[in-house]
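I opened the model today and kept these notes as I went. They run from one chain as a whole down to single residues.

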Amino acid sequence: MKHPDFDVVVVGGGHAGVEAADAAHRAGAHTALVTLRAADLGVMSCNPAIGGLGKGHLVREIDALGGIMGRAADASGIQYRLLNRRKGAAVQGPRTQSDRALYAEAIRSHVAASAGLTLIEGEVADLVEHGERICGVVLADGSEINAGAVVLTTGTFLRGIIHIGDRKIEGGRMGDKPAVRLAERMMGMDLPLGRLKTGTPPRIKSASINWDILEEQQADEDPTFFSFLTTEVQARQVACGITHTNTKTHEIIQQNLSRSAMYGGMIEGVGPRYCPSIEDKVVRFSDKDSHQIFLEPEGLTSDLVYPNGISTSLPEDVQHEYVYSIVGLEAAEIQQPGYAIEYDYVDPTCLTAQLELRARKGLYLAGQINGTTGYEEAAAQGLVAGLSAALQVQGRDPITFSRRESYIGVMIDDLITRGVAEPYRMFTSRAEYRLSLRADNADERLTPLALSLGLIGEARKRVFTEKMERLQQGRDLLNSMTATPKEATAVGITVNADGKRRTGMDYLAFPDLDASDLIGIAPELADLDDATARQLKIEATYATYVARQKKDAEALGRDEAKQIPRDFPYGEVIGLSNELRSKLSRVQPSTLGQAGRIDGMTPAALALILTKLRQMDRKSA
Amino acid sequence: MHTVFALATARGKAGVAIIRVSGPEAAPIGVALCGSLPEPGHHALRVVRDAKNNVLDQALVLFFRDPNSFTGEDVLELHLHGSIAVIRAVEAAISATGLAREAEAGEFTKRALLNDRLDLAQVEGLGDLVEAETEAQRQQAQRVFSGALSKKMGALRDMGIRAAALLTATIDFADEEVPVDVSPEVRELLNGLIADLTAEIEGSRVAERVRDGLEVAILGAPNAGKSTLLNALAGREIAITSDIAGTTRDVIEARLDIGGLAVTFLDTAGLRDSGDTVEKIGISRAIDRAAAADLRVLLKTDDFAVPSALQGKIDLEYGAKGDLTGEGLSGLTGQGLDVLIKDISDILSQRVAQVKTAISARQRGGMQRAVSEFEQALTTLYGSGEVEIAAQHVQDGLHALDSVIGRVDVENILGEIFSRFCIGK
């Protein structure tokens with residue numbers, strides 16, 4: 001069978017894959033998405049939730065760029081909770097429990113509705129290579145698909161092994177057969193690899209849980225959505241249950257530690273420190289005699305519950321025993337045992353800022369294969385890889401997401417500059433410009449870029465433009481109105497009598513003042529709608545910090561603009577230490593700014609690199 | 001772009017010392033210190049003053065307008081008198097404007113390169129130059145991290161990481177089992193950091209004195225033989241001596257090498273109640289300088305009472321006019337001078353030994369900025385309680401400390417959180 005030629009072929013239908021295919025398609029590339037089973041598109045293989053701190057920021061950014069994840073999360077949200085609700089806007093993270101079935105359905109119907117995005121069911125067995133360029137894939141049936149670029153989003157398929165106690169099953173996900181041939185092809189490319197592991201808890205039947213005696217956690221009353229297009233809740237909201245492990249649970253685990261795949265020495269991969277197995281918790285925090293467990297419904301129509309907090313690689317019989325020891329789970333029926341999975345990942349320092357392999361032009365990697373964890377991290381990478389692949393095939397300039405402008409940029413820069421030591425997850429603390437990179441202003445930061453690249457449709461464009469207009473009007477109004485402390489006091493505002501005339505924005509920066517408090521001074525403010533007033537309040541709160549960070553960022557901007565060519569001869573730079581030389585050769589930073597973020601870098605070393613660049617410029621001139 | 005400054009000539013006593021300021025704030029800094037600037041590309045003589053309007057020096061001032069300068073940015077050059085005290089005062093005055101920070105090694109060069117301001121010959125010569133800078137920096141860093149200071153800096157680093165980790169835990173792990181209110185512990189850590197850093201800043205001044213010269217004040221009643229002693233130590237007639245009490249009115253200095261240390265001896269006016277206006281000024285100056293000196297030596301006479309400002313601050317005392325009494329010191333005969341020199345040398349060497357390293361002005365600048373950030377973090381925690389803003393100040397404070405304690409990475413902070421709290425619901 002002969003397939004038509006494509007601009008971009010995306011391999012894998014997980015969160016990275018669908019976002020990559022969608023982004024390439026929206027960028028105008030003729031795109032194919034190849035997946036084992038069309039029915040598996042958008043499957044959540046771990047916990048049924050989207051968002052959180054840092055992660056929620058990523059989803060907002062994906063949405064601001066016109067991506068799918070935000071809308072799918074809103075289509076399936078069954079328990080919205082804004083994390084850090086009582087803290088400042090910069091560190092609030094939207095999160096929701098998602099109905100698995102609704103989520104996958106939203107993804108499937110989006111892909112189906114994308115005219116011109118071709119879905120191909122099949123197993124990719126090999127890559128077509130011409131010289132050092134990848135230009136297509138070969139399916140297991142021997143057929144070839146030619147493409148200008150290929151995006152691989154194959155998750156944990158490289159030497160993936162599932163562990164349940166001493167049972168070992170080869171494969172990247174429970175029930176999936178391993179993609180042996182493609183893996184062998186990748187292994188043959190001589191890429192730097194590392195080994196990681198992650199785990200899941202046993203899945204429990206909802207009807208077998210004694211809900212009546214358990215504490216409940218309710219959804220927010222006024223939910224915060226993921227998509228800038230969503231205006232109302234789309235699914236019934238439900239509660240989560242909360243229970244705890246106890247000394248009995250810990251005893252059972254202690255006694256059976258040697259039978260755990262992790263503690264029995266059967267696993268060599270490094271697991272995430274922020275998502276330890278229950279074995280880990282019991283051993284490392286032996287002074288705690290109880291750990292919290294969230295019982296998360298997998299959906300409105302599902303009879304399964306995901307007990308978040310007890311992932312494990314203990315044998316099935318031990319899993320039963322310790323689950324029974326937990327309050328509310330005494331009669332729990334385990335539908336699928338928990339397991340640990342270890343897998344190889346490609347050291348992402350061998351990727352460019354567009355997630356293209358430096359050693360293989362035309363081959364892009366996104367998602368877990370790059371050492372990350374989480375749906376949101378995968379989707380964000382997918383978007384970058386898919387978009388970049390499309391731009392390359394179309395001969396357009398590549399886009400680099402900067403740390404100063406997005407969490408997406410923070411993540412990609414972290415990955416390609418520093419690599420990973422454990423599965424990489426986003427946290428707000430990774431963003432040095434945290435006060436500027438907020439979930440609330442993701443559209444302000446990124447939608448203009450999406451507009452300029454032609455990634456978004458009319459509807460979103462209109463919503464965005466109108467919102468920006470309302471904000472600008474409000475901003476102008478607040479900046480033009482002024483009041484002395486005396487005038488402010490007259491309308492009931494408490495302020496130091498320092499005689500200083502302040503603008504409306506200045507007053508709005510006071511923690512206890514809102515735009516409505518200023519109506520006495522500027523009656524036009526009464527016309528501000530709530531959303532605009534709220535957004536301007538957030539802007540005013542962080543204004544001084546954002547201005548300061550902008551100045552810092554500008555200083556860095558010049559370094560970011562200074563390109564370092566791919567074949568830069570670090571070996572020839574006199575005065576560089578051997579340690580820095582080898583780090584630079586490995587990471588191959590594409591800008592002076594990226595070089596500066598490599599561990600141990602000094603301004604003097606950067607000056608040496610610049611000197612060499614100058615010499616090279618002169619020779620070529 | 002930040003504005004940076006640095007001493008462009010070698011530190012120490014010299015005919016001329018040049019401080020160079022580069023960046024967008026160079027002109028405002030020049031105006032703040034000198035009142036007005038010459039036309040770009042020209043020079044002018046200006047009086048340099050600090051924010052309190054104290055005269056620091058008279059300097060030849062040059063101003064270069066972007067891009068016609070060494071770095072390609074606005075550049076201000078202050079050609080000062082090559083005195084250590086003047087350099088230090090002018091550096092402090094530039095710092096105090098808040099418009100510029102001390103340049104890092106290689107930073108001027110890097111800016112010049114970025115702005116294409118160096119010719120080929122210069123570029124090719126740079127490798128060695130920067131290599132030398134790097135090596136000096138590496139050695140400096142190694143000195144800082146060897147011995148007692150490294151322990152102290154390690155403790156500061158741990159405190160900073162812990163404070164940042166606690167704040168981060170409540171922000172990034174809000175849905176986990178972490179304490180809800182960490183501010184009491186964070187406040188305690190920040191207060192500790194501020195206290196330790198402040199002590200370190202004070203201590204670094206001692207270190208700088210060791211490098212630039214220690215001061216020993218000679219005190220005593222009028223006519224106790226202080227000037228004779230100074231002349232004897234210096235081996236030449238520096239101070240006028242006479243039998244008339246109150247001959248010395250101003251402070252007279254003599255710089256000597258004592259046991260390998262640069263020591264400046266200060267001969268001061270004899271301390272007594274005087275009706276003479278000029279002598280009175282001399283006496284009050286003597287007391288001020290003596291209080292600020294590193295060591296105070298008293299030539300004791302029976303009728304002499306230590307003024308209250310110096311009480312408890314006399315480090316060494318000897319009988320005056322030993323040639324007459326047979327005990328104590330005599331500048332005239334040289335009696336007891338060996339003992340005096342040995343005593344001074346012992347005390348100062350001991351102090352120098354305690355100061356294991358000479359903290360650079362840049363490191364001290366970092367500490368001062370850090371203290372200010374930590375103080376703002378505290379103000380935020382006590383006031384509005386906006387934890388993300390407090391965290392930002394702590395982060396900026398740690399960043400300012402980079403040159404002293406090494407870089408604190410987000411991984412260090414996450415590591416502290418994961419080892420302390422069981423994260424992973």
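**Chain B as a whole**

I started with contacts (heavy atoms within 4.5 Å): in chain B, residues 24 or more positions apart account for 60% of those with a separation of 6 or more. The model is predicted, and local features need pLDDT of at least 70, side-chain atom pairs count only at pLDDT 80 or more, while totals for chains, interfaces and linings use all residues. Residues are numbered from 1 along each chain as its sequence is written, chains are lettered from A and ligands numbered from 1 in the order in which they are written, and side-chain values use heavy atoms, with hydrogens and water left out.

I then looked up the secondary structure, taken as DSSP runs numbered from the N terminus, with helices (H or I) of at least four residues and strands (E) of at least two. Chain B has 14 helices and 11 strands. Of its 425 residues, 49% are buried (under 20% relative accessible area; exposed is over 50% and partly exposed in between, with a 1.4 Å probe and protein chains only).

**Aromatic pairs**

I listed ring pairs next: rings of Phe, Tyr and Trp (its six-membered ring) pair if their centres lie within 6.5 Å, and planes under 30 degrees apart count as stacked, over 60 as edge-to-face and the rest as tilted. Over all chains there are nine aromatic pairs. One of them is tilted and joins Tyr80(A) to Phe226(A), 6.5 Å centre to centre with 35° between the planes. Tyr80(A) is in strand E4 (residues 77-83) and Phe226(A) in the loop between strands E14 (215-217) and E15 (240-244) of chain A, so the pair ties together parts 146 residues apart in sequence. I noted both Tyr80(A) and Phe226(A) as buried.

I also checked Tyr274(A) and Phe427(A), an edge-to-face pair at 5.5 Å centre to centre and 80° between the planes. Tyr274(A) lies in the loop between helices H6 (247-255) and H7 (278-284), and Phe427(A) in the loop between helices H10 (407-418) and H11 (442-453) of chain A, so this pair ties together parts 153 residues apart in sequence. The relative accessible area is 4% for Tyr274(A), which is buried, and 0% for Phe427(A), also buried. Ring pairs link Tyr274(A) and Phe427(A) with Phe173(B) and Phe418(B) into a cluster.

**Charges over rings**

I looked for NZ of Lys or CZ of Arg within 6 Å of a ring centre and within 35 degrees of the ring normal. Arg60(A) has its charged end over the ring of Phe228(A), 4.8 Å from the centre. Arg430(A) lies over the face of Tyr424(A), 4.2 Å from the ring centre.

I followed up Arg430(A), which is in the loop between H10 and H11 of chain A. Arg430(A) is buried, at 6% relative accessible area. Neighbours within four places in sequence aside, Arg430(A) contacts residues including Arg403(A), Asp414(A), Val410(B) and Glu411(B).

**Ile120(A)**

I found Ile120(A) in strand E6 (residues 117-121) of chain A. Ile120(A) counts as buried, at 9% relative accessibility. Not counting residues up to four places away in sequence, Ile120(A) touches several residues, among them His3(A), Phe6(A), Val34(A) and Leu139(A). Gln319(A) is 199 residues from Ile120(A) in sequence and 39 Å away in space, C-alpha to C-alpha.
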